[in-house]
Number of protein chains: 4
Amino acid sequence: MSDDEYEPPRREEFEHDPVSHAEVRAGMTVGELADEYGRAGIGAAAVHEAVEIYAEMLDPDVTCFLSLAGAMVPTGMRRIVSDLIRAGYVDALVTTGANLTHDSIEAIGGKHHHGREHGEGSLREHDETLRDEEVDRIYNVYLPQEHFALFESHLRSEVFPPLAEDGVVSIERLTRELGRANADANDREGVAEDAGVAAAAYECDVPVYCPAIQDSVLGLQAWMYSQTSAFSLDALADMTPLTDLAYEADRAGCLLVGGGVPKNFTLQTMLVTPGAYDYAVQITMDPEATGGLSGATLDEARSWGKLEKDARNATVVGDATVLLPLVVAAARERVEG
Amino acid sequence: MSDDEYEPPRREEFEHDPVSHAEVRAGMTVGELADEYGRAGIGAAAVHEAVEIYAEMLDPDVTCFLSLAGAMVPTGMRRIVSDLIRAGYVDALVTTGANLTHDSIEAIGGKHHHGREHGEGSLREHDETLRDEEVDRIYNVYLPQEHFALFESHLRSEVFPPLAEDGVVSIERLTRELGRANADANDREGVAEDAGVAAAAYECDVPVYCPAIQDSVLGLQAWMYSQTSAFSLDALADMTPLTDLAYEADRAGCLLVGGGVPKNFTLQTMLVTPGAYDYAVQITMDPEATGGLSGATLDEARSWGKLEKDARNATVVGDATVLLPLVVAAARERVEG
Amino acid sequence: MSDDEYEPPRREEFEHDPVSHAEVRAGMTVGELADEYGRAGIGAAAVHEAVEIYAEMLDPDVTCFLSLAGAMVPTGMRRIVSDLIRAGYVDALVTTGANLTHDSIEAIGGKHHHGREHGEGSLREHDETLRDEEVDRIYNVYLPQEHFALFESHLRSEVFPPLAEDGVVSIERLTRELGRANADANDREGVAEDAGVAAAAYECDVPVYCPAIQDSVLGLQAWMYSQTSAFSLDALADMTPLTDLAYEADRAGCLLVGGGVPKNFTLQTMLVTPGAYDYAVQITMDPEATGGLSGATLDEARSWGKLEKDARNATVVGDATVLLPLVVAAARERVEG
Amino acid sequence: MSDDEYEPPRREEFEHDPVSHAEVRAGMTVGELADEYGRAGIGAAAVHEAVEIYAEMLDPDVTCFLSLAGAMVPTGMRRIVSDLIRAGYVDALVTTGANLTHDSIEAIGGKHHHGREHGEGSLREHDETLRDEEVDRIYNVYLPQEHFALFESHLRSEVFPPLAEDGVVSIERLTRELGRANADANDREGVAEDAGVAAAAYECDVPVYCPAIQDSVLGLQAWMYSQTSAFSLDALADMTPLTDLAYEADRAGCLLVGGGVPKNFTLQTMLVTPGAYDYAVQITMDPEATGGLSGATLDEARSWGKLEKDARNATVVGDATVLLPLVVAAARERVEG
């Protein structure tokens with residue numbers, strides 16, 4: 001490392017872009033913040049790239065798949081998603097039964113609650129107390145169990161009966177009926193300006209796919225209803241319209257929020273179409289090192305042919321409740337601003 | 001902190017167990033290693049606790065649910081699971097279509113391969129090359145795509161036809177048929193001593209539940225077959241026997257390997273039975289901070305009533321390919337050794 | 001779960017705040033985004049809380065400690081930190097030798113570079129190539145090694161000689177001298193508007209503490225210089241002024257960016273003062289489950305008396321290159337906007 | 001994906017090793033378990049590789065550096081490390097002040113304790129209670145604060161006085177004196193068979209380097225003692241013998257347990273020697289995506305020249321309290337078994 005030992009590098013020139021430094025100002029917009037991220041490295045660079053790609057995906061010529069894992073709705077992301085749907089930025093939504101369950105609970109007037117002071121971690125005795133109080137916990141969000149009984153009534157009076165006559169129906173038939181019933185209930189009860197994700201999708205004619213629907217309270221209720229009626233759900237039927245949508249897309253893009261079944265179901269549809277995604281942005285905190293699909297890189301998806309070889313893609317590592325609002329606000333600023 | 005400032009503590013006495021120190025010796029058994037973990041803190045204490053609990057769960061009077069996420073089979077965990085089934089330690093298996101797909105590929109003579117030197121991470125160009133070579137990557141495991149074509153033939157000749165006559169069947173009907181066909185193929189081809197997870201379950205009459213089956217190559221193939229036949233899969237039918245099993249259990253325990261749909265589907269069945277799990281061990285690397293179910297603590301499950309208030313439970317944070325063999329070997333040593 | 005089984009909850013009323021839903025708009029400010037986070041749960045709630053607390057800490061009456069781990073400077077966070085210093089928002093900076101090394105390299109005209117397309121992961125062959133090209137990699141940031149030779153010259157001509165006469169000096173003496181020399185070099189060479197963190201601290205008379213200085217290229221250079229001179233560094237001397245600052249603070253707050261030695265050194269100073277931090281915000285992605293201090297919760301710090309029992313504190317889990325700009329921009333908007 | 005679309009792959013042949021499947025048996029040894037890991041993928045393959053490499057490093061011709069981060073001693077890893085030292089498997093130890101502090105507390109008769117039932121997470125009120133009870137928490141390990149007062153007496157009567165006469169001494173002088181005093185105290189009090197890490201190192205003449213010593217209770221005590229005596233610590237002095245050891249090594253290897261300063265200090269010594277590490281094994285749970293050194297891959301270290309281009313290296317992702325015992329037991333079985 002002394003001068004004597006030093007030998008000039010053999011590189012002709014160093015062609016990479018210099019890192020400059022992010023600068024922030026009071027009152028700057030979210031889009032300006034995203035520009036500043038583009039100067040920096042590590043994850044900031046990835047957020048900037050994600051915003052660029054997602055803004056391109058918002059072009060009307062791109063068919064946009066939105067995959068939404070886990071518990072995004074009860075934790076405050078409901079409005080962002082319903083706004084994207086109403087603005088025409090979603091061509092298909094792939095999500096979980098949990099999201100649809102909690103979305104519906106709010107449409108009929110239920111509320112989730114902030115638990116312990118934005119706390120950290122958990123403690124057994126604390127959850128034992130919640131059990132006694134009949135409050136269910138989702139990390140730092142609480143839901144009194146009584147809302148599940150109201151949800152059951154909603155399903156049994158408004159959602160399942162019109163389906164039961166048709167015997168085994170597609171899951172998308174159920175999510176559509178749920179959207180209609182949620183919109184009605186929200187209006188009837190004057191609950192809120194926004195009737196939620198399922199309602200917005202129903203009103204905008206956007207299909208909602210929910211491949212693992214049985215893995216949720218909505219699924220449990222559907223099963224209980226099926227015990228005393230001809231009603232049931234076809235696990236495979238939705239793959240036809242989903243694949244058709246992928247097949248017919250000029251250019252296809254996906255925004256993957258979290259991992260799980262929604263992520264893979266969205267990606268795998270490209271295994272049975274000649275094309276693949278031209279754009280892909282994922283927001284995830286799942287670690288790659290498990291080897292699981294949830295934390296897998298988009299490059300891994302490229303080896304399978306789920307992404308085009310020359311697709312633009314970005315992985316943003318972090319909490320979706322922080323990063324989804326940020327990426328959406330910045331991308332919409334670029335497109336609409 | 002000086003002597004002057006120091007005031008004696010107000011605690012009468014300090015009643016917690018002292019941490020002693022793990023000691024290791026050449027030639028020690030895995031069970032002895034687990035005992036040593038019990039002396040230590042952090043995650044070692046959790047592994048020790050997990051072994052204790054799982055050993056209790058192996059009692060014939062405990063009904064054992066095994067949930068197996070993601071990609072455990074292609075990454076080398078197939079034999080451990082099939083051995084557990086054959087030894088009578090599994091009363092129901094809840095898993096993914098991916099595990100069943102890769103399990104079947106090996107039963108018909110296919111092989112997964114170690115990729116790049118047990119490496120770290122990924123690189124776009126590398127996956128582009130794999131794409132050109134028609135090799136699919138699962139983290140550091142490779143699978144030539146040709147095996148999917150052979151798998152398709154196997155399904156279309158041996159598995160789907162007997163089902164097609166019955167129209168819409170339960171997913172468990174399909175996994176049973178797959179187990180039978182895999183056992184036959186493995187024998188016919190003299191593939192290996194072990195015909196795999198589905199085959200072992202078939203032979204031992206252990207039901208295999210796969211709620212998100214459509215989210216896999218197996219699911220894609222089932223869908224393609226359904227396009228030209230009356231065959232389809234009922235998304236809800238399996239919930240009846242699964243709930244019955246939980247209902248009839250004197251004591252119930254679950255070993256949750258990874259998160260995802262298998263974890264929640266295994267847990268949620270207790271929402272519709274009067275009881276709950278008496279024992280629960282989870283092995284996961286999914287972070288709690290996402291708020292998702294995959295990384296959620298078992299205490300959170302307790303707030304929902306999925307675990308008994310006084311259930312014994314342990315969460316082991318880490319890689320399931322390392323920890324599942326360790327926990328199983330140590331627990332079997334206690335029970336059988 | 002059926003109506004029959006349902007029993008009304010025993011809670012008198014449910015007193016937690018309802019979760020509402022974040023809403024985003026094209027052109028909204030970062031501060032408005034932070035307000036929206038406050039409606040949501042999971043990590044968004046924590047970001048909102050962090051902004052609230054940090055804005056309070058920016059009050060001139062609060063003594064502000066900023067701890068800055070690892071590699072924040074070479075990855076684009078240099079300007080945000082130097083701006084905070086120049087705006088009077090930092091009373092003491094605790095950081096690493098790595099940050100000071102890379103800060104100085106830029107002050108003398110060197111540049112870090114964006115590596116592979118904002119990529120993911122790594123691959124052995126790739127790093128072997130970089131080795132041949134004499135390029136050092138920090139995740140996705142590259143630095144040609146030639147800059148270390150120029151840094152050595154800078155140290156040996158501008159920084160070490162004035163110190164050498166005094167024999168064993170405090171580390172803070174060195175960081176102050178480095179700041180002066182960086183400011184001079186930056187001006188002389190017309191490098192950039194911003195001479196960096198050490199220069200800003202020098203000019204604003206803010207002390208820079210670097211407890212593990214020997215663990216860096218700056219430390220290696222200091223050691224080599226010490227081999228041929230009377231110069232050396234006193235490991236303990238800086239603890240006096242740091243403790244004095246904590247002792248004299250009316251109210252004390254800390255912003256902890258990443259973990260490592262800077263985090264603990266900042267926190268532990270409260271073990272030898274009667275008070276403790278009144279405010280604490282940490283931004284970290286280090287997992288709690290290692291049991292290490294880097295990922296430890298601030299509640300753990302409370303058990304040690306590093307935080308006041310009634311301190312306001314928030315932990316934001318995520319990438320500091322994304323979250324530091326966001327939290328700073330939003331807090332400055334509240335205070336200055 | 002149908003037969004028609006299928007085209008034979010262009011690969012001549014597929015030269016990777018097949019993944020077979022791990023098999024476990026009641027009573028198997030830890031070394032046998034490690035062999036089984038070698039059949040599998042994901043992290044199991046990495047553990048197997050780590051065992052292979054570490055067993056090679058135990059060859060007497062390899063100079064072995066052991067870096068030990070954070071809180072390994074209070075959490076039960078003390079005996080494994082002292083046994084490695086006594087067996088001649090460590091040529092230099094690089095560690096933290098925290099490890100030395102807690103090691104000494106046990107040598108003088110103190111005890112750490114298992115906290116809450118091998119629990120998960122934390123809760124603010126709980127830590128407030130611990131604060132009132134004067135108990136410090138390290139994740140799930142508790143330490144009554146009274147032990148720090150006894151530690152202070154030990155330092156002030158047995159450790160610091162012999163050093164004070166020499167003014168500014170190297171940190172390694174202090175750790176050696178501490179080892180001597182711990183060995184004496186342990187014997188005198190009949191505390192335990194094992195006097196701990198510092199004592200073992202003292203008795204076996206293995207240097208203990210502790211670059212960030214001021215960042216610990218040991219460091220705080222050293223600073224307080226320096227206030228009233230000529231005593232202080234030289235931050236740079238230890239780099240000479242450490243570099244000499246690296247320089248003189250025929251072959252060099254490092255076992256990196258956790259990240260932090262010990263990891264980088266161990267690696268960076270190769271920046272000022274002509275050679276580099278021939279073997280490197282790291283056990284860490286720190287995420288790579290922070291961009292920090294703690295979670296950085298060993299490939300990144302290769303770009304800097306800290307590892308030889310053809311070095312054998314393995315990264316094991318997981319909890320060191322689980323993996324250190326496992327890797328050491330398996331490697332010792334290979335070498336001694």
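View 1. Welcome to the structure, which is a predicted model: local features need pLDDT of at least 70, side-chain atom pairs count only at pLDDT 80 or more, and totals for chains, interfaces and linings use all residues. Residues are numbered from 1 along each chain as its sequence is written, while chains are lettered from A and ligands numbered from 1 in the order in which they are written. Helices (H or I, at least four residues) and strands (E, at least two) are DSSP runs, numbered from the N terminus. S3(C) pairs with S5(C), residues 141–144, in the antiparallel sense over two bridges; two strands count as paired if DSSP finds at least two bridges between them. The open sheet here has three strands in the order S3-S5-S4 of chain C, with antiparallel pairing. Its edge strands, each pairing on one side only, are S3 (113–114) and S4 (135–138) of chain C.

**View 2. A hairpin in chain A joins strands S4(A) and S5(A).** The two strands run antiparallel and are linked by four bridges, with S5(A) spanning residues 141–144. A:Ile138 has A:Val141 of S5(A) as its bridge partner. Two residues lie between the strands, and A:Tyr139 in this hairpin takes a positive phi near 50°. A residue is called buried if 20 or more other C-beta atoms, placed from the backbone, lie within 10 Å of its own, exposed if 12 or fewer do, and partly exposed in between.

**View 3. Helix H4 of chain A, residues 97–107, is largely enclosed by the rest of the structure, because eleven of its eleven residues are buried.** Among the buried residues of H4(A) are A:Gly97, A:Leu100, A:His102, A:Asp103 and A:Glu106. After H4(A) comes A:Gly109, which has a positive phi near 105°.

**View 4. In chain B, helix H4 packs against helix H7.** H4(B) covers residues 97–107 and H7(B) residues 171–189; their axes lie 9 Å apart, at an angle of about 20°. The axes are lines fitted to C-alpha atoms, for helices over the stretch in contact, and the angles run from 0 to 180 degrees between N-to-C directions. H4(B) and H7(B) are therefore roughly parallel to each other; angles under 35 degrees count as roughly parallel, over 145 as roughly antiparallel, 65 to 115 as roughly perpendicular and the rest as oblique. The contact is made by B:Leu100, B:Ser104 and B:Ala107 of H4(B), together with B:Thr175, B:Leu178, B:Asn182, B:Ala185 and B:Asn186 of H7(B). Residues are in contact if their C-beta atoms, placed from the backbone, lie within 7 Å.

**View 5. Helix H4(B) also meets helix H9(B), residues 217–227.** Their axes come within 7 Å and cross at roughly 85°, so H4(B) and H9(B) are roughly perpendicular to each other. H4(B) contributes B:Gly97, B:Leu100 and B:Thr101 to this contact, and H9(B) contributes B:Val217, B:Leu218 and B:Gly219.

**View 6. Six strands of chain B form an open sheet with parallel pairing.** Their order is S7-S2-S1-S9-S10-S11. At the edges are S7 (208–209) and S11 (307–317) of chain B, each of which pairs on one side only. S10(B), residues 277–284, pairs with S11(B) in the parallel sense over seven bridges. Within this pair, B:Tyr279 has B:Arg312 of S11(B) as its bridge partner.

**View 7. Chains A and C meet through 78 residues of chain A and 79 residues of chain C.** On the chain A side, elements that each supply at least two residues include H1 (30–37), H2 (42–57), H6 (146–164) and H13 (320–336). H13(A) gives the largest share of that side, nine residues. A rotation of 180° with 0.0 Å of shift along its axis superposes chain A on chain C, with an RMSD of 0.0 Å. The two copies are thus related as by a two-fold rotation axis. The superposition is by least squares on the C-alpha atoms of residues with pLDDT of at least 70 in both copies. Of the residues of chain A, A:Thr29 comes closest to the rotation axis, at 1.9 Å for its C-alpha. Both copies use the same surface, as 100% of the contact residues of chain A recur in chain C.

**View 8. D:Glu49 sits in helix H2 of chain D, residues 42–57.** This residue counts as buried because it has 21 C-beta neighbours inside 10 Å. D:Glu49 and D:Thr315 are 266 residues apart in sequence, and their C-alpha atoms are 8.8 Å apart in space.

Notes: Two residues are in contact if their C-beta atoms, placed from the backbone, lie within 7 Å.
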